[in-house]
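Trainee: I am new to this structure and would like a close look at a single part of it.

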Amino acid sequence: MADNEGNIEAKNYGIGIAQKCGSFFLKGNSHADWGVQNRLARIFNPKSGNTVMLAFDHGYIMGPTSGLERMDLSIVPLIKYADCIMCSRGTLRSVVPPEMNKPVALRFSAGSTILTELNNECLAGIEDAIKLDAAALAPMVAIGDPNFEALTIRNLAQCADFTSRYGIPTLGVTAVGKNLVRDARYLGLATRVCAENGATFVKTYYCDEGFEKVVAACPVPIVIAGGKKLPEADALELAYKAINSGARGVDMGRNIFQSENPVAMIQAVKAVVHKGLSAKDAYQMYCDLAKKASK
Ligand code: R5P
């Protein structure tokens, strides 16, 4: 029988011992179908093993979020710098030029907005995702939500069935409710539940204490969201610490498109994620690029 104490004493995380990857470069996906691996190899750079995903799906629950009022003006110029883009199908069709040829992590669940209760979501149609050549399907999973936890886990599980059937990876997107603490115990539970229910990779948040345990106990790759806008130096520090604790990339939105200089910021984030640049050097890079652009 399940209990809510069995994960308190968990301690054998094998920190420092990499999970065996098998023949594929991303953990937990060696036995995946060719289509899944091929799409993952478009999202993640096979050389660094990491990815910079540019997220601009916020409007599907938040409306015209700051920085996303005119995505044709603010987002399209950033897309060429990203390894992958994450957006809704409405944005994809109306704003993103198909010629940009970037893999798309398609926001794949929807149902409520910030005006009512978040997370009361259902899945979008798989046929449309196939038509759009989605590289990943991204449903929201609200672990700990008293009303919609079960619904959103069911959505994830159904999405994982689509992964098995059509070869399109599932990105489990962990939503953290207002009353939940983003600590290693919660994030560890949320990410593991996503992986156990079939997520091919998982998006979650970074936490300062014990993030390496979250990564170690999740058998598939983790990418981190940026969250609310931070000063650029702090956002680069966040990315640096996450990568150094084992995250395989970022799925970042506001800390890029709400930056003083989004083009400089996404390039600095890329240098951290793919080249291991320190946060300090990346911030210097950001300042230099921003200065050059203002001349
Ligand atoms: C939130 O609605 C979306 O899932 C975002 O894609 C995600 O939170 C990443 O964006 P940000 O870095 O702004 O948190």
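Trainee: What should the 13 residues of helix α10 (residues 232–244) span at 1.5 Å a residue, and how far apart are its end C-alpha atoms?

Mentor: This is a predicted model, in which local features need pLDDT of at least 70 and side-chain atom pairs count only at pLDDT 80 or more, while totals for chains, interfaces and linings use all residues. Residues are numbered from 1 along each chain as its sequence is written, and side-chain values use heavy atoms, with hydrogens and water left out.

Helix α10 should span 18 Å, and its end C-alpha atoms are 18 Å apart, which agrees. The expected span is 1.5 Å times one less than the number of residues. Helices (H or I, at least four residues) and strands (E, at least two) are DSSP runs, numbered from the N terminus.

The buried residues of α10 are Glu-232, Ala-235, Leu-236, Leu-238, Ala-239, Ala-242 and Ile-243. Seen down the axis of α10, these buried residues fall within an arc of 150°, so they line one face of the helix. The arc is that of the directions from the helix axis to the C-beta atoms. Buried means under 20% relative accessible area, exposed over 50%, and partly exposed in between (1.4 Å probe, protein chains only).

The cover over the buried residues of α10 includes the helices α9 (211–216), α11 (254–257), α12 (262–275) and α13 (279–294), along with the strands β10 (222–225) and β11 (249–252). Contact here means heavy atoms within 4.5 Å. After α10 comes Gly-246, with a positive phi near 110°.

Lys-241 lies in α10 and Asp-208 in the loop between β9 and α9, so the pair ties together parts that are 33 residues apart in sequence. A salt bridge is a side-chain nitrogen of Lys or Arg within 4 Å of a carboxyl oxygen of Asp or Glu. Lys-241 counts as partly exposed because its relative accessibility is 26%, whereas Asp-208 is exposed, at 57%.

Asp-251 is buried, with a relative accessible area of 1%, and Lys-203 counts as buried at 9%. A search of the whole structure finds nine salt bridges.
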